[in-house]
Amino acid sequence: MTASHILLLIGSYFSVLLLISYFTGKNDTNEDFFKAGKQSPWYLVAFGMVGASLSGVTFISVPGWVDASKFSYLQVVFGYLLGYFVTAYVLLPIYYKQNVTSIYEYLDSRFGFVSYKVGAISFFVSRVLGAAFRLFLVAIVLQQFVFDAWNVPFEITVTLSILLIWIYTFKGGIKTIVWTDTLQTLFMLVSVGLSIYFILNRLEWSFGDFLTSKELSNYSKTFFIDDFFAKNHLIKSFLGGMFVTICMTGLDQDMMQKNLTCRNLKDAQKNMVSFSFVLVLVTFVFMLLGALLFIYAEKYQIAVPLMDGQPKTDLLFPEIALNSGLGMTVAVTFMLGLIAAAYSSADSALTSLTTSFCVDFLGTGKKSDKEAKKARRQTHIGMSILLILVVITFKYVLDRNVIDGLLTVASYTYGPLLGLFAFGIFTKHQIKDRYAWIVALTSVLIILGLAKIPSESIGGYQFGYELLPLNGLITFIGLWLIRRQPDKKIT
C-alpha cells in the first residue's frame, strides 16, 4: 500500500465524518455542542465509547507491549471493570441529580471556588497530556508510513491531523462525536478481526490452533503474584486499574460528557455497565493480536521498526499490516482502524477540553447566547493549537511505550481529583477552600518524589499504578487536615 493510497483513504474517511458533522451540527448551539440536547440513545453512546476508550493507544501500543509485559495488562483491565461499576452507581447519580454541564461544578457546590478550579485544572492538564499521547502515537505512524515518503516534517503531520478534527467538530461538538464514535468503533473492531484472520491464514492456523499453540504460551502469562515488590504485581495492577477507571472515566469530563447526553440516569447506567464488559473482551482480543504479531514477526524474520535509531514496538502492527505482504484488505482495514481509533478519542478530547474551559474558566453559562457561542469557537481554536504544540513536544521527550506513559501520567494528574471527589462524597465535612490548591500541589509533589526513589533504596520495591490511589489518599488526608465543621445543609 503506497503513501498515495493511504492519503486517499484518509481523505475518503474524513469526507464521511464531515457528512455526519453537516447533519449533526446544523443547530450550532452551545446546548447541542455541550450536551447533544440530552437525547442520545444509550446503546449508541455505549458502542461509541468502546472506540473512544481504546483509542490509538490500545490499537497499536497494547499489541506492541505484549513482548515486554506478556498479558499482565489484563490485570489492570480487570480492575477497570470494577471501576466502571463504581462510576455507574456512585458518580453518575450525583452528576444527574445536579444536572451539571461540567462535572467539576459539583466541587463548586460542595466545597467552593478554589476546589472547583483545582478539579478543573487537574482535568485540563490530564486530558491535554492524555489526548496528546494518543495523537502522538497516530502521528508517528502516519509520519513513518506516509509523510516521510514525501519529506513532510512531523510538525506538519500533527497540524494537519488536528486541523481535520477541528473541522468536523467545531459546530456539532458532542452531538457529532456520539455518532462519529459509533462509526469509528465499528471500523476499529473490523480491522482487528480481519487482521487476526489474515495473519492466522498466513500461518496456516485456525483460531483454535492459535489458542492452544506453544508459541502463544510464551506470551500469555497473565497473573504476576510472585514478587509483590515488582511493578506488575496482581494486587497493585488491579487496584491501579480500578482507580485509573474511576479517575479517567468517572472523574473525566471527556468520558462523562458522553454519558450526560443520555436521556436519563437509568440509560446512562445501562450504557456504562454494558460498555464495561465489552471493553474487557475487546482488550483481551488486542492482547491476542499482540502475541500473534510477535509470533508472525519471528517466523518471517520481520524486524521491529526503528524510530530515531531505536526499536519501537508500537510500530510493529503497522509494519506487518502494511509491508509484510498480507494483502490490500489488511492494509486498508488497518489504516481505517488506526484512523478511527485515534480520532474517536482525540475528537472527544478536543470537545471536552473546549467544554471544560468554557464552563469552568470562562463562565459561558452566565453569558448571552451570542457571547457564549463566540467564546466557544475561540476556545475550540485555542485548544487545537495547544494540542499541536504538546504532541510535537512529545516527539523529543517521550522515551517509553505509550500505554505505559499514559497510565503513569494519570497517576500524577488525576490524584487530586480522586481525593477531592472521595472527600466530598464519603464525608460531610466542609473544608477551608482557599487551601485546597496547596493540598493538591503537595500531594502531586509527594508522588513525584516517591516515583523518583531508586528501587534499591527501598528494598527493591517498584512503584507502579498504585501511585494513583496513593495520590488520592494523600489528597484526602490533606483535605481532612483543613476540614471545618459541616454546614447544616450541604448541596
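Helices (H or I, at least four residues) and strands (E, at least two) are DSSP runs, numbered from the N terminus. This is a predicted model, in which local features need pLDDT of at least 70, side-chain atom pairs count only at pLDDT 80 or more, and totals for chains, interfaces and linings use all residues. Residues are numbered from 1 along each chain as its sequence is written, and side-chain values use heavy atoms, with hydrogens and water left out.

**Nonpolar core**

- In soluble globular proteins, nonpolar side chains tend to be buried together.
- A nonpolar core is a set of buried Ala, Val, Leu, Ile, Met, Phe, Trp, Tyr and Cys residues joined through side-chain atoms within 4.5 Å; buried means under 20% relative accessible area, exposed over 50%, and partly exposed in between (1.4 Å probe, protein chains only).
- The largest such core in this model has 145 residues, and F59, Y95, I199, I320, M335 and F421 have the most contacts inside it.
- Helix α13 (residues 265-299) gives the most to this core, with 18 residues.
- Apart from neighbours within four places in sequence, Y95 is in contact (heavy atoms within 4.5 Å) with V100, I103, G250, L251, M256, L260 and F421.

**Nonpolar surface patch**

- Y435, W437, I438, L441, L445 and L448 form a nonpolar patch on the surface, with about 550 Å² of accessible area together.
- Patches are made of residues with over 30% relative accessible area and no salt bridge, with like charges joined within 9 Å and nonpolar side chains (Val, Leu, Ile, Met, Phe, Trp, Tyr) within 5 Å.
- A salt bridge is a side-chain nitrogen of Lys or Arg within 4 Å of a carboxyl oxygen of Asp or Glu, and accessible areas come from the Shrake-Rupley method with a 1.4 Å probe, where only the protein chains shown count as cover for residues.
- L441, one of the patch residues, is found in helix α19 (residues 436-452) and counts as partly exposed because its relative accessibility is 44%.

**Loops**

- N99, in the loop between α4 (73-98) and α5 (105-110), is not a glycine, yet its phi is positive, near 50°.
- E204, in the loop between α8 (174-203) and α9 (207-211), also has a positive phi, of about 60°, although it is not a glycine.
- E204 counts as exposed because its relative accessibility is 71%.
- P305 lies in the loop between α13 and β1 (306-307) and is buried, with a relative accessible area of 8%.
- The C-alpha atoms of P305 and P318 are separated by 9.4 Å, and the two residues are 13 apart along the chain.

**Cysteines**

- A search of the whole structure finds zero disulfides, a disulfide being a pair of cysteine sulfur atoms within 2.5 Å.
- C247 counts as buried at 0% relative accessibility, and C358 counts as buried at 0%.
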